[in-house]
Every structure is written in structure tokens, then in C-alpha cells.
Amino acid sequence: MGLHWILAIFMLFQQGQYPDPLVIEQEGMAIVEMKRTQYSHPLPGVPLIDQDKLNRFMDDLEKKVEKPPMNATLDGAGRILPEQAGKKLDRKIFTEQFYSFMFEGGFSKLEVPMQPTYPRVDSELLSVIKVKRIGQYATYYNSNNKNRSHNVSLAAKAINNYVVFPNESFSFNEVVGKRTKEKGYLRAPVIVRGEMSEDVGGGICQISSTLFNAVDRAGLKIIKRYSHSRNVKYVPPGRDATVSWYGPDFVFQNKYDQPILIRAYASGGQASIVICSSEDINEKKRQVPSASKKLPEEVRSEMDASGTK
């Protein structure tokens, strides 16, 4: 029998003498257990640790323990709400500790090692890029249509305080995410193949269209922009930007050498979007026609927030 076989069998035998399972804790609370046999190869003569299984375990563990960082934001009065650091699994230290458990023993509990994560936008940056308005646009809607108004407000909140750094692209679908009932979106009128219909998230195209006109005024580069199959009344003809989770997206790119900040509001029948940046930005604004303040005719405006008449 070769030496590597003897060493492998010896190590497997040694594992049986060590505590099992290993209890992973966070702040003293048990969150998951690991057993040696689940993460070692059954055959001697090969590396004992199944690294693929260990990596998958760490993927799942990270989802349980991760605390994402929070960017600094502006409240409704323009005051800065400070950023908050986050934390995530320190995979390098965890791997070292797990190997020690496997081959040396001596402990049966492990406090999950964490490392700090930091937000993209801190208070200092926000204080610099909030000062200069380089583009803005407002559109209007019938606030009596509760479902549609609710969706417009949700979409505005999703893009509010978003910062686009130089050469970065902004995708409406990626930032806002899928419009679902679980996220609070309600059924409201939409345009499907030129016909009025009703679906979850109806009304959000008013926010994407308002955003398109604001960033166009600010001189940002439009990457993707599609019009509805029929004219909409909340923007001038040809000035809309339709979006759909499984279909068209609205995408623009920040070609300036300064970050830009999106400020979005929707309340009381008005959707407003302002594009801000620092005093150092050398913007090249474009002329964009304003939206009419005349309220468009709404479909099923008598529906309440539960979707019933």
C-alpha cells in the first residue's frame, strides 16, 4: 500500500476522533451545522475536502449572514441621511477555519467570520453632487385613479436617490426590478399592441417617460428608448419611453466626468424628476418640449386601491 493511501486513511480515521458536527453561529446564535462526511471525498488518495461543496455551502451561508451596505440618501427636504456600512462572509478566513476543524479538531462551534462592505455613495459625495440641477421634467396624472397613482409613486421611489457614475449606464428595468404584486404593484391600465388593457404595474411608463425627458434635457446619452404602440397623453408625441420586464427597457449612459443624481417624486397628480450633479460638471443641455398640464383621460378611474369598483 502506497504512502499516500496510508496518510489518507489515517486522516479519515483521525476525523472520526474529532467533534462533529461543526455549529456555525452568528452573534452567539446557531444558524447552521456542518458535518465532515458531507464535505470530504469518499475515496482515499484524492484531496479530502470537496471544495465545490464547500463553495456552495459558503454561497448559501453568505445569503443568510450578509447585511448589504446602505447608500447615503436625501430625504424629502433635501437633508442628507448618512450611509451605513454593511458586512459579508469573509470566505478566506472561513475556509481556513473549516480546514482547521476538518484536520485538527479542537472546537465544535465557529462564530462566522465577517468583513465590512461599504456603500457606493457616502455623505461626502452626495453633498457635492446634489447642488446643481442639470435637467428636470414634470408630467401630470389623474390622482383619482388610485391603482395607477400607486404604481407611479412606487416606480418613482425605486429610482429616487440613484447615482450614476461617469461612463456607467442606467437601466430602468434593472433598477426598478420586476413589477409584481409582492412588491406592492397593483393592476392598472396599460397599452398592449395598441389596445388598452390592464396588468400589474400599469402606469410605470409615466415614470420612465418622465425620466427620459429629464435625462435628455440634461444632455445624457440615450442608449435604448422605445415608444408605445399608440400615443400617450402625459408627454408630447414621440417623447415617451415604454418599458416592460420581458420587453423594452429604457437605458441611458452618463458620459460626463462627474456622477449624476436622480431625484424623483410622484404625488398629488404630478411626477417630477430632477437630475443633479456637482458645480464642476460641464453639461450640454438639450431643448425638450414640456408636458401639458391638462390631465389625460384615465381608464377605470373609479377603481379603488384594491382593484374593485
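Let me begin with the largest nonpolar core, which has 39 residues, and in which Ile159, Phe172, Ile207, Leu211, Phe252 and Ile275 have the most contacts. By a nonpolar core I mean a set of buried Ala, Val, Leu, Ile, Met, Phe, Trp, Tyr and Cys residues joined through side-chain atoms within 4.5 Å, where buried means under 20% relative accessible area, exposed over 50%, and partly exposed in between, with a 1.4 Å probe and protein chains only. The elements that give two or more residues to this core are β8 (132-140), α5 (146-159), α6 (172-176), α7 (205-217), β15 (260-267) and β16 (270-277), and α7 gives the most, with six residues. These labels are DSSP runs numbered from the N terminus, with helices being H or I over at least four residues and strands being E over at least two.

A word on the basis of all this: the model is predicted, so that local features need pLDDT of at least 70 and side-chain atom pairs count only at pLDDT 80 or more, whereas totals for chains, interfaces and linings use all residues. Residues are numbered from 1 along each chain as its sequence is written, and side-chain values use heavy atoms, with hydrogens and water left out.

Which residues does phenylalanine 172 contact, leaving aside its neighbours within four places in sequence? They are Ile159, Gly177, Ile204, Ile207, Ser208, Leu211, Val243, Asp249 and Phe250, contact meaning heavy atoms within 4.5 Å. A second, separate core of 18 residues includes Tyr39, Met58, Phe98 and Phe101.

Turning to the sheet, four strands form an open sheet in the order β8-β16-β15-β9, with antiparallel pairing; two strands pair if DSSP finds at least two bridges between them. At the edges are β8 and β9 (163-164), each of which pairs on one side only.

β8 and β16 pair in the antiparallel sense over eight bridges, and lysine 132 stands opposite serine 277 in β16. Is β16 enclosed or open? Seven of its eight residues are buried, so β16 is largely enclosed by the rest of the structure. In the hairpin of β15 and β16, which has two residues between the strands, glycine 268 takes a positive phi near 60°.

Now to the helices α2 (residues 51-65) and α3 (residues 91-103), whose axes come within 12 Å and cross at roughly 125°. The two are therefore oblique to each other, given that angles under 35 degrees count as roughly parallel, over 145 as roughly antiparallel, 65 to 115 as roughly perpendicular and the rest as oblique. Among the residues that meet are Leu54, Phe57 and Met58 in α2, and Phe94 and Phe98 in α3.

Finally, arginine 239 lies in the loop between β13 (221-224) and β14 (251-253), and is buried, with a relative accessible area of 14%.

Methods. Axes are lines fitted to C-alpha atoms, for helices over the stretch in contact, and angles run from 0 to 180 degrees between N-to-C directions.
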